Structures are given as C-alpha cells and as structure tokens.
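Thanks for coming, everyone. Please have a look at the sequence and the model on the screen. I'll talk through charges, helix packing and one surface patch.

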Amino acid sequence: KNMTGAEQLLMLLKLLRERLKAEAAFKMDKTGKKENLKLLAYCLKVKNDEEREQIIVKNMGASLDRLDSFAELLLGSIDYAESTSFQLSPQKASPLDVELLKRIRTQVTELKKKQTYHASGGTASWE
C-alpha cells in the first residue's frame, strides 16, 4: 500500500510508542541490555522449534541464570497475552500468540533440564 509521508510518520511513531511500552514493561537483564526481549522477538519469528532451540542456545549458552531470566519474560508475556489488558482497544486482536509462547516456554524448560543435568556431571546423553 502506498502511504503518504504523513501516514508513514504516523506509523513509525506508533511503532516507536509500542517499542517503548514493551521496553518499559521488562526490566533490564544483568548486562543492562534488553537481550531477552530481542531473543523473544527472534523466537517468535522463526518457523520451527529446531531453529528456535538453536537461537536460544546460541544466545543463552550454558547459563541457567540467563535461561531463568528468559523463562520469566516468557511467563510475563503469556500472562499478558492471556489477560484482558489488550482488549482496551477492542478493534485489535491479541498482540501475542499464546500457544507459541507456551511452546517456547516448554523448550526453555527442557533446555534448563538439560543444562542442569550436564552441570551436575551427567555424561550420558540427555535423550
């Protein structure tokens, strides 16, 4: 759709407002960055669970603390998506896919179990 300059500016301002709201809603992680929020955005965009797991492992490494922090963000996102707060603007659909968020949360939980197993000295394959 062709938009006028004013329409493009309005859209950019709306997107900026939404980003600022999202950043304000989530505390800084231990590094002072919004890495978890970026990771969540990547996880929501990938097409399959295998790719998603690779992205999570690449970004979180073997850190149980970072996985816990990301899991907290997921729980908050699920709570928000399931709440009625987004319905303040009735014309809008739910901003987040609850089922996808729950699937990502399950993946993170499984990764935490694997990391805990390996950290405890387990040498056998997790599978």
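There are 6 salt bridges in the structure. By that I mean a side-chain nitrogen of Lys or Arg within 4 Å of a carboxyl oxygen of Asp or Glu. This is a predicted model, where local features need pLDDT of at least 70, side-chain atom pairs count only at pLDDT 80 or more, and totals for chains, interfaces and linings use all residues. Numbering starts from 1 along each chain as its sequence is written, and side-chain values use heavy atoms, with hydrogens and water left out.

Take one of the bridges. E35 and K38 pair through their side chains, at 3.8 Å from N to O. Both sit in helix α2, 3 residues apart, about one turn of the helix. Helices here are DSSP runs (H or I, at least four residues), numbered from the N terminus.

Now, packing. Two packed helices are described by the angle between their axes and the distance between the axes. The axes are lines fitted to C-alpha atoms over the stretch in contact, and angles run from 0 to 180 degrees between N-to-C directions.

Stay with α2, residues 35-45. How does α2 pack against α5? At an angle of about 110 degrees, with the axes 11 Å apart. That makes α2 roughly perpendicular to α5 (65 to 115 degrees; under 35 is roughly parallel, over 145 roughly antiparallel, the rest oblique). L40, C43 and L44 of α2 meet L100, L101 and I104 of α5.

Next, α3, residues 49-60, against α5, residues 98-119. The angle is about 55 degrees, and the axes are 11 Å apart. So this pair is oblique. The contact (heavy atoms within 4.5 Å) includes I56 and V57 from α3, and L100 and I104 from α5.

α3 also packs on α4, residues 64-82. Here the angle is about 125 degrees, with axes 9 Å apart. These two are therefore oblique as well. I56, N59 and M60 of α3 meet R66, L67 and F70 of α4.

Last, the surface. L9, L13, L16 and L20 make a nonpolar patch of about 390 Å². Patch residues have over 30% relative accessible area and no salt bridge, with nonpolar side chains (Val, Leu, Ile, Met, Phe, Trp, Tyr) joined within 5 Å and like charges within 9 Å. Areas come from the Shrake-Rupley method with a 1.4 Å probe, and for residues only the protein chains shown count as cover. L9 lies in helix α1, residues 5-25.
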